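Hi,

Here is the structure I said I would pass on.

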Amino acid sequence: MPIVFHFGQQNGQPATTMDSPAQGVFGFPVQSPECLSDGELTLKIPQMQFRYVGKVRGNSLIEGTVTQAEQSLPLNLVRTARKAGASPEKP
């Protein structure tokens with residue numbers, strides 16, 4: 001099942017949202033992402049019991065694990081270009 005994260009800024013502050021197109025979910029707010037100096041990224045959505053922890057590998061890959069409702073699975077995030085005319089909420 002594809003998951004899309006949108007990293008950007010809102011009112012000068014970092015802002016992240018998540019889309020799950022297969023579930024019809026777009027623009028779901030992610031709790032303030034944490035990126036540590038060692039390149040570890042943590043994303044949380046408490047309402048969904050969702051947590052992603054990954055390690056930044058270069059400019060276009062984050063290798064990590066997603067945990068939801070006590071089940072963990074590997075999930076690698078790959079940077080892609082936004083399609084022309086696509087809004088941050090809906091690809």
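Five strands make an open sheet in the order 4-5-6-7-8, with antiparallel pairing. Strand 4 and strand 8 (71-78) sit at the edges with a single partner strand each, so one side of each has no neighbour in the sheet. From one strand to the next, the twist averages 20°.

Before the details, some housekeeping. This is a predicted model, so local features need pLDDT of at least 70 and side-chain atom pairs count only at pLDDT 80 or more, while totals for chains, interfaces and linings use all residues. Residues are numbered from 1 along each chain as its sequence is written, and side-chain values use heavy atoms, with hydrogens and water left out.

On terms: strands are DSSP runs of E with at least two residues, numbered from the N terminus. Two of them pair if DSSP finds at least two bridges between them.

**Two hairpins**

Strand 4 (residues 31-35) and strand 5 (residues 40-45) run antiparallel and are joined by three bridges. C35 has L41 of strand 5 as its bridge partner. Four residues lie between the strands of this hairpin, and G39 has a positive phi near 85°.

Strand 5 then pairs with strand 6 (residues 50-57), again in the antiparallel sense, over six bridges. Here T42 is opposite V53 of strand 6. This hairpin also has four residues between its strands, and Q49 takes a positive phi near 55°.

**Salt bridges**

How many salt bridges does a search of the whole structure find? The search gives three, taking a salt bridge as a side-chain nitrogen of Lys or Arg within 4 Å of a carboxyl oxygen of Asp or Glu.

One of them is between the side chains of E34 and K44, at 3.7 Å from N to O. E34 is in strand 4 and K44 in strand 5, so this pair ties together parts that are ten residues apart in sequence. E34 is partly exposed at 38% relative accessibility, and K44 is partly exposed too, at 28%. (For accessibility, buried means under 20% relative accessible area, exposed over 50%, and partly exposed in between, with a 1.4 Å probe and protein chains only.)

Another joins the side chains of K55 and D38, also with an N to O distance of 3.7 Å. K55 belongs to strand 6 and D38 to the loop between strand 4 and strand 5, so the pair ties together parts 17 residues apart in sequence. K55 counts as partly exposed at 25%, as does D38 at 44%.

R57 forms a salt bridge with E63, where the closest N and O atoms are 3.1 Å apart. R57 is partly exposed at 43%, and E63 is partly exposed at 35%.

**A buried aspartate**

Is D19 buried or exposed? D19, which is found in strand 2 (residues 13-20), is buried, with a relative accessible area of 0%. The D19 side chain makes a polar contact of 2.7 Å with the side chain of H6. A polar atom of the D19 side chain also lies 2.7 Å from the backbone nitrogen of G27. A polar contact here is a pair of N or O atoms within 3.5 Å; within protein, one must be able to donate a hydrogen and the other to accept it, and residues adjacent in sequence count only if both atoms are side-chain atoms.

**Aromatic rings**

The whole-structure search finds three aromatic pairs. In F5 and F7 the ring centres are 6.3 Å apart and the planes are at 35°, so the pair is tilted. The rule is that Phe, Tyr and Trp rings (for Trp, the six-membered one) pair if their centres lie within 6.5 Å; planes under 30 degrees apart count as stacked, over 60 as edge-to-face and the rest as tilted. F5 is buried at 12% relative accessibility, whereas F7 is partly exposed at 45%.

F5 also pairs with Y52: the centres are 6.5 Å apart and the planes at 40°, so this pair is tilted as well. That pair links distant parts of the chain, with F5 in strand 1 (residues 4-10) and Y52 in strand 6, 47 residues apart. F5 and Y52 are both buried. Ring pairs link F5, F7, F50 and Y52 into a cluster.

Cheers

Key
Axes fitted to C-alpha atoms, helices over the stretch in contact; angles between N-to-C directions.
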